[in-house]
Amino acid sequence: MAQLIKGLVAVLGVIILALLGWVAYIWFRVPDIPSNILDFHPSAFQAKVDARFFFSIGKELKNSDSLNPYAPTLLRGDITNFLVSPDGTEIAVVANGLLTVVGRDGTLVRQVVPVDSIYREPKPIGQYFYRDDDFQWTRDSKSLYLIRDEYYESKGSQLFSDKGELWKYEVQAGRMQRALSPFPAYTYFFGRGSGIYFSAPTETGDLELRYFDGKSIRDVGVSDAREIPVGGLTGGVVESPFFSFSIEDYRDAVLPEKGVVLVDDQSARLRRLVIRDKPYLTLTQGDGFKGPYYCSETLRSVFLPGDRYFLFNATYCGNYNGQLLIDTETGQYERLPPDTRIYLTLTTDSDPHYRITDEGILAK
């Protein structure tokens, strides 16, 4: 019996060594083949637009009509989330564990509340917190709504939390007040007056759009995700929905609408950045530990106001790692300072291409 056990242990040891050897071989086998920008010839030019916008270089938040690294710094920190006010004069940012509202002239800096993530692990069960996501500006740019929650044991994230509450922050007064409790939702938008629409789960696990008029809640639409017409939101009353879209919406819906596509040439192992049917950059295919890849990222790739200049994320290219600013009129492109980001927020007023379902407002 002892010999049998020793034999099994020996066999198991051989298997483990073989697996470790295979992993080492895969890891060290061949140097990665980088993805490169083909014919990389950046230049320098002046890119100034007709409107001011928020941007950051590294950890410094700024506002200007160009990507001017010498513009005054409004806030310092790692910005992990943001939402520009509809009038463009303020930005709500998550940085340094706080939700802060910053004015573009530096005259307004209001620390709203400390925030945390629903995906935090391990969860501090029973602790109250404000979410670091899912906040929304009102149409008049005077108030910011955010969700207060409590950590509890859940299967997966607590996206639809029975402990959630919707709170309203009045920016100028610096005053916070509860708007709706309970609030078992994460996506919501505003109607006329004080009306709030939100998407909440039903007992069967579906989603249902609901409407809060400030006093009571009623159901809206049907629970099969069919599109709900604007006129059907409040029983035929003229309605005007308002919602601020996320950076994911910008990537998935706005960029294609503006003619930005990445076109793959499988036979040549190339990928081209095409804007309004005109190619600008060509990327070669790389080969890394996870397989073939291209050094392109359309998340946080955005147009400056006016849509002439396009910031493109050329991340982890072999011959460049960072952001490029492309002049779509001349075809020139220039390097930007490391970790340059532009903060733009589109709304249902500035981009009316959306649809309403039981899941809320979706970009299209």
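Analyst: The discussion below concerns a predicted model and sets its computed values against the definitions of the terms.

User: Why is Val220 called buried?

Analyst: A residue counts as buried when its relative accessible area is under 20%. Val220 has a relative accessibility of 1%, so Val220 is buried. Val220 lies in strand S16, which covers residues 217–220.

User: Which residues does Val220 touch, apart from those up to four places away in sequence?

Analyst: Contact requires heavy atoms within 4.5 Å. With residues up to four places away in sequence left out, Val220 touches Tyr197, Leu209, Arg210, Tyr211, Ile228, Gly232, Leu233 and Asp358. As for distances, the C-alpha atoms of Val220 and Thr234 are 7.7 Å apart in space, while the two residues are 14 places apart in sequence.

User: Are Asp134 and Tyr316 buried or exposed, and how do you know?

Analyst: The cut-offs are under 20% for buried and over 50% for exposed. Asp134 has a relative accessible area of 16%, and therefore Asp134 is buried. Tyr316 has a relative accessible area of 63%, and therefore Tyr316 is exposed.

User: What is the phi of Asp134, and what is that of Tyr316?

Analyst: Asp134 is not a glycine, and its phi is positive, near 65°. Tyr316, also a residue other than glycine, has a positive phi of about 60°. Asp134 is in the loop between strand S8 (128–131) and strand S9 (136–137). Tyr316 is in the loop between S23 and S24.

User: What makes a group of residues a nonpolar core, and which residues have the most contacts inside the largest one?

Analyst: The members must be buried residues of the nonpolar kinds, joined through side-chain atoms within 4.5 Å. The largest such core has 37 residues, and those with the most contacts inside it are Ile37, Phe310 and Leu325. Several elements each supply at least two of its residues, including strand S1 (48–57), helix H2 (247–257), strand S23 (309–314) and strand S24 (322–327). The largest share, 5 residues, comes from S23. Another core, of 17 residues, lies apart from it, and among its members are Leu83, Phe135, Leu146 and Tyr169.

User: With which residues is Phe310 in contact, beyond its neighbours within four places in sequence?

Analyst: Beyond those neighbours, the contacts of Phe310 include Leu255, Val260, Leu273, Ile275, Val302, Phe303, Leu324 and Ile326. Ser301 and Thr328 are also among them.

User: How do you know that S17 and S18 pair?

Analyst: Two strands pair if at least two bridges are found between them. Strand S17 (residues 260–265) and S18 have 6 bridges in the antiparallel sense, so they pair.

User: Which residues line the largest cavity, and of what classes are they?

Analyst: Its lining consists of Phe82, Ile247, Tyr250, Arg251, Arg300, Val302, Arg341, Ile342 and Leu344. By class there are 6 nonpolar, no polar and 3 charged residues. H2 gives the most to this lining, with 3 residues. For the second largest cavity, the lining has 6 nonpolar, 2 polar and no charged residues.

User: What is the volume of the largest pocket, and which residues lie nearest its centre?

Analyst: A pocket, unlike a cavity, is an open set of points. The largest pocket has a volume of about 740 Å³. Its lining numbers 31 residues, of which Asp133, Asp134, Tyr186, Ser246 and Glu248 lie nearest its centre. The lining divides into 15 nonpolar, 8 polar and 8 charged residues. Strand S4 (79–84) is one of the elements that supply at least two lining residues, and S4 contributes the largest share, 4 residues.

Key
Residues numbered from 1 in each chain as written. Predicted model: local features only at pLDDT ≥ 70, side-chain atom pairs only at ≥ 80, totals over all residues. Heavy atoms only, no water. Buried < 20%, exposed > 50% of the residue type's maximum accessible area, 1.4 Å probe, protein only. 1 Å grid on protein atoms, 1.4 Å probe; cavity = no way out; pocket = protein on both sides within 12 Å on 5 of 7 lines; lining within 4 Å. Nonpolar A, V, L, I, M, F, W, Y, C, P; charged D, E, K, R; others polar. Points joined across faces, edges and corners; volume = space filled by probe spheres on them.
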